[in-house]
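Here are my notes for you, written as a colleague would jot them down. Keep the model open while you read.

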Amino acid sequence: MENSSSGKGKLDWRERFQGERDWNEVYRRISWWDTESVGKATVMVVGAGALGNEVLKNLALLNVGKILIVDFDHIEYSNLSRSVLFREDDVQLKQPKSFIAAQRIREMNPHVKVMSINGDILLDVGLGIFRRMDVIIGCLDNRVARLYLNRHCFKLSKTWIDGALENMHGQMAVYRRDVSCYECQLSDIENQFIRQRLSCPDVAMRNSNVGRIPTTPISASVIGALQAQEALKVIFKNEKQTMLGKRFEFEGMNNDFILYESAHLKEDCLSHSLIDEVIEAPDLTCKKTVSELLLWLEKRFPGQHPKVYLDYEVILSVVGKESQVEKELIIPQPHFSETRAKPYQTAPGEDLIITDSVRYLDGKFPAQDMTLKELGISELHILTIETDEGFEFVELTGDLPHLVFS
Ligand SMILES: [Zn+2]
C-alpha cells in the first residue's frame, strides 16, 4: 500500500478536484461579473517586486486569462519580507523575479497562462507586445521606467495603471492617452532627474533609485489590490468607474485617503506621439539583417526612400578623454554599459566621448549584415519608418511565436 504522506501516490490536482474544477464558481455569484472577459483578458505586469507580487497574486486568484510578467532583476534577501511569491531558495539560486513569479502563480492557479520576460522595459519588450495587451499595470520603483511605460502605452492608446509605495504611503493613478499622462504630471525637478538617468547606459543604473525605499507589505497589499481592481474595470470596459484622470493617495499612519484630479495635458509633452495604424509584416522578425529589412521596405514603399528611425542612437566611434585615441564600434547606446566600454578604453575607467553616431538605418549604415536584434530591436517591435510621404509603422509580426503563454 502506498503511503500518501511520503508523497508517493500523490494525486495530480486534476484528479484530486475532479468534479469541482470551476474556479469561477464564486465569481459567478457576483451579478456584474463578466467571467468570459476576465478569461480572455491579457494583462502585462511590469515590475515583480513587492507591489508586483501583490498584483500578480490578485490577478491569478481572479483567474485572469493570460499574464505577462516583465522584470530585469533577480531575487534578493531583502525582497522576502514583502513578496508573497518568493522563497529563501530563490535567493540562494539567484533566480530572476519574473521567472519565479510566473512559476508561483501557475502553482496558485493552474488555469492562468503566464509568460515572463527577464528584461528591461525599454530594450526587451517590443511595442507589438504592448499592442496585444488589454491593460498594463506598472509596479515600478523608479521614474525612468514609468516614463518609458507611459510613452509606450500612449503610442498605442493603452490604459496603464501606475502604483507607487513609500513607507506607509502609497499612490495609484490610471493613465490613458487624451485623458491623463504621467509625463505631464512631472515637476521640473523630477524632469531634470529623469534626463540625468536617461543618459545612463547601464540598465541597472538607469533604473535604480538613490537608496532603497523602505516600505511594508501592508502598503503593497493596499495599492496592489486597488491596481488589480482597476484593471478588472478596464477589462470589463467599465471605464467610467475607474480612476482614469485621477490620482489616489493613501497615508496609512493617519488613515488619509485622498483622490486628486490629474494635471492638465501639456501641448509640448514628448509622451503624446501616436502610432495610428500598424502594418503587420509576418515575414519580418528581429533576426533579419539591416539589408534584408531595407530590401523589404523598398518593395513595400517603392520610390519613397524608406529609412528606419531608431528609438536611440547607435554609437559608431568613441575617443578616449585622456588618450585621445579614437576607436570605431557599432553598439546601440542603451547597450553601452561599463563592461562593453572596456575594450575601447586605453586605461581602466577612462571616460569615452562619442564622436559619431546614427539615428537611422538606411543604405549608408556601415553594418548592413548586423541583425535588428544585435542593434537592440526586440521581438515584435513596431518600427518607425520615415518615407518621402511621411511616417509608417511596421511590426515585426514574424516574431509572434515568441509570445507564448503557458
Ligand atoms: Zn504628457
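The points below go from the whole protein to a few of its parts.

1. First, the ground rules. This is a predicted model, where local features need pLDDT of at least 70, side-chain atom pairs count only at pLDDT 80 or more, and totals for chains, interfaces and linings use all residues. Residues are numbered from 1 along each chain as its sequence is written.

2. The overall picture: you'll find 14 helices and 14 strands (DSSP runs numbered from the N terminus, helices being H or I with at least four residues and strands E with at least two). The radius of gyration is 23 Å, close to the 22 Å of the globule rule for 406 residues, so the protein is as compact as a globular protein of that length. (That radius is taken over C-alpha atoms, and the rule is 2.2 Å times the number of residues to the power 0.38.)

3. How much is tucked inside? Of the 406 residues, 37% are buried, meaning that 20 or more other C-beta atoms, placed from the backbone, lie within 10 Å of the residue's own.

4. Now look at strand S2 (66-71). Six of its six residues are buried, so S2 is largely enclosed by the rest of the structure. In a regular strand, side chains alternate between the two faces of the sheet. Here Lys66, Leu68 and Val70 lie on one side of S2, with Ile67, Ile69 and Asp71 on the other.

5. Which strands does S2 pair with? Strand S1 (residues 42-46) pairs with S2 in the parallel sense over five bridges, where pairing takes at least two DSSP bridges. Val45 has Ile69 of S2 as its bridge partner. From S1 the chain passes through H4 to S2, a right-handed β-α-β crossover (clockwise from the first strand over the helix to the second, with the strands pointing away from the viewer). S3 also runs parallel to S2, joined by six bridges, and Ile67 stands opposite Val114 in S3.

6. Helix H4 deserves a look too. Of its 12 residues, 11 are buried, among them Leu51, Val55 and Leu59. The buried residues of H4 pack against several elements, including S1, S2 and H6 (contact means C-beta atoms, placed from the backbone, within 7 Å). After H4 comes Asn63, with a positive phi near 70°.

7. Last, helix H6 (residues 97-108) reaches 16 Å from first C-alpha to last, close to the 16 Å expected (1.5 Å times one less than its number of residues). Its buried residues include Ile100, Ala101 and Ile105, and the buried residues of H6 pack against H4, S2, H5 and S3.

Terms used. Contact = placed C-beta atoms within 7 Å.
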